Amino acid sequence: MKNNVGEPKGVDYWTKRISEQEMPALCSTVKTLEKLAKDDVSSMAILGRSVMHDNALTSRILRVANSATYNKGISQVTTVSRAAVVLGFDTIRNICITAKLLSSLLENKNLTPGVYQRLLKLMARSFQAAMLARMMLGAHDEEMQEEAFIAALLYHLGESAFWSMGGPLANELDRALDGVEDPAAVLTQVREHLGTSFGQLTQGLARNWGLGEVLIKSLNNPDERMPEIRAIFVANKLVQELAETYPDHAELEKRVRQGAEMMGLKPDDFKARAIQCAKATHKLADAYGAKVLVEFLPSPNRLLETPESLNEGRWREGDVNIQLKKLRELTGFAVAKADINQVMQTTLEGILNGVGVDSCAVLLLSPSRKMLQPRIVLGDNADNIKRDFVIDITEPDHLFRHVIDLKQPLNVDSPDSPRWRLSLDEPLRKRLAKSGFLLAPLEMDGKVIGLFYADRGLSGRHFGDDEFGSFTHFTQLANVCFSVAVRQ
């Protein structure tokens, strides 16, 4: 295959271009910091010169140094040199690298929405993996923890750097990878466009920038039994699974067991630690000035959604009393004008707890009527639906478009069944609940402005006629409320 913007260039070309043309400041800073000797006096002088002229970088470093992750009850530090004395030189050096990396990769404002979202997802996962890797090494010295943190953060540096460049080739590869899930197929597309893999590009940058042996070893020998290499590997695999809309619970439990074994914990205790780590990751991303990553961080609640706990009846069963209560509330809204958001919220609460679903949402049409976006989402999978359910319905035979055009509710038994498969694009089909879902039009005075959605994807249950009927009853009564509100 020949791409539209020239022949594939290869790892040497991309390493040189990223280092010298696209990110020279980041490259220079990292090289300088990584070359610093262990002599604290000379190292501090060079460190000061590296950051003193960058006020934004200095501010980030101090915010992070004073965050709960690093500041263990000591007084606030107000200078980088004081932070290095309190936290240790290796720690402050890695904070500098992390701050510079995040700001450099996120500073390109000219990326297409597709490329930018790829970049944010990738960086968020890398950041979460870095925190988990450090957590897993809690029994080891801080130097090892910091080495693992920075190596896990940079594990996908080549791919992150490529997407952050933007441009025609990035846009073309983004389109080529749309809907491609198989790792071998992804690798083929990347090689055809770049002439190398993202992993090889990361290795090229790591060597060029002098990024240490831990990163190189973790890339070349991921199965190495060294604690830091093992932690990086398990953290990446765990985050990869947590980021899935509907994870493979067997794979997730496998990675939990591996992490628990490393820390000498029971799996449930490891999960509790990982959830606390995820909360700390949110706060640290904010301290680094990378709050934009927070909504793309994988939800730690997935760790609680195991088949065993689901089989013990954790899922919501239908409750007729809740249905009647919420239907009475909606009837009251139809008589007296109610706030539209209140109608949406009450309807979803009735569907969630009355019908008994895992997740439900209101998806609103964009002004162009070509996209659906989540407005309100309730349930166990809310975070992932908010992140993943931005749906392009441009194609006239799209299943979601079909519901809008015909103004009819629909019970989809499985997105992979022959009946529905051709009317759903591959990327969306991967994100939808395999056990099926319900759709209904959201109307205001006869005009469809969005859809109601509900699924039982986490518990793997299918919907019967009774549940579909109850869901339809709620959505129809909600539409009456919307029409009354508009007319009044």
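Select strands S1 (359-365) and S2 (371-379) in this predicted model, then move to the loop between them, where Arg369 is found. Arg369 is not a glycine, yet its phi is positive, at about 65°. With a relative accessibility of 28%, Arg369 is classed as partly exposed.

Select Asp445, which sits between strand S5 (437-444) and strand S6 (447-455). Asp445 is partly exposed, and its relative accessibility is 41%.

**Helix H12 and the glycine after it**

Select residues 198-209, which form helix H12. The helix has 12 residues, and its first and last C-alpha atoms lie 16 Å apart, close to the 16 Å expected at 1.5 Å a residue. Colour the buried residues of H12 next: Phe198, Leu201, Thr202, Gln203, Gly204, Leu205, Ala206 and Trp209. Then step to Gly210, which follows H12 and has a positive phi near 70°.

**Two cavities**

Across the whole structure, a search finds two cavities of 30 Å³ or more.

For the largest cavity, which holds about 60 Å³ of space, select Leu101, Leu102, Leu105, Met123, Ser126, Leu153, Leu154, His156, Leu157 and Ser160. These residues make up the lining of the largest cavity. H6 gives the most, with three residues. By class, the lining of the largest cavity comprises seven nonpolar and three polar residues, and no charged ones.

For the second largest cavity, select Gln128, Leu132, Leu242, Ala274, Ala278, Pro298, Pro300 and Leu303, which line it. The elements that give two or more residues to this lining are H7 and helix H16 (267-287). The space in the second largest cavity is about 40 Å³. Its lining divides into seven nonpolar residues, one polar residue and no charged residues.

Select Thr346, a residue of helix H19 (residues 340-356). Is Thr346 buried or exposed? Thr346 has a relative accessible area of 5%, so it counts as buried. Display its side chain together with the backbone of Gln342: a polar atom of the Thr346 side chain lies 2.9 Å from the backbone oxygen of Gln342. Next, show the residues around this threonine. Leaving aside neighbours within four places in sequence, Thr346 is in contact with Lys326, Glu329, Leu330 and Phe333.

The last stop is Thr331, which lies in helix H18 (residues 320-335). Thr331 has a relative accessible area of 41%, and it is therefore partly exposed. Thr331 and Leu304 are 27 residues apart along the chain, and their C-alpha atoms are separated by 36 Å.

How values were computed
Residues are numbered from 1 along each chain as its sequence is written. This is a predicted model: local features need pLDDT of at least 70, side-chain atom pairs count only at pLDDT 80 or more; totals for chains, interfaces and linings use all residues. Side-chain values use heavy atoms; hydrogens and water are left out. Helices (H or I, at least four residues) and strands (E, at least two) are DSSP runs, numbered from the N terminus. Buried means under 20% relative accessible area, exposed over 50%, partly exposed in between (1.4 Å probe, protein chains only). A polar contact is a pair of N or O atoms within 3.5 Å; within protein, one must be able to donate a hydrogen and the other to accept it, and residues adjacent in sequence count only if both atoms are side-chain atoms. Contact means heavy atoms within 4.5 Å. The expected span of a helix is 1.5 Å times one less than its number of residues. On a 1 Å grid over the protein atoms alone, a cavity is a set of points where a 1.4 Å probe fits but cannot get out, and a pocket is an open set with protein on both sides within 12 Å along at least five of seven lines; lining residues have an atom within 4 Å of a point. Grid points are joined across faces, edges and corners, and a volume is the space filled by probe spheres set on the points. Ala, Val, Leu, Ile, Met, Phe, Trp, Tyr, Cys and Pro count as nonpolar, Asp, Glu, Lys and Arg as charged, and the others, Gly among them, as polar.
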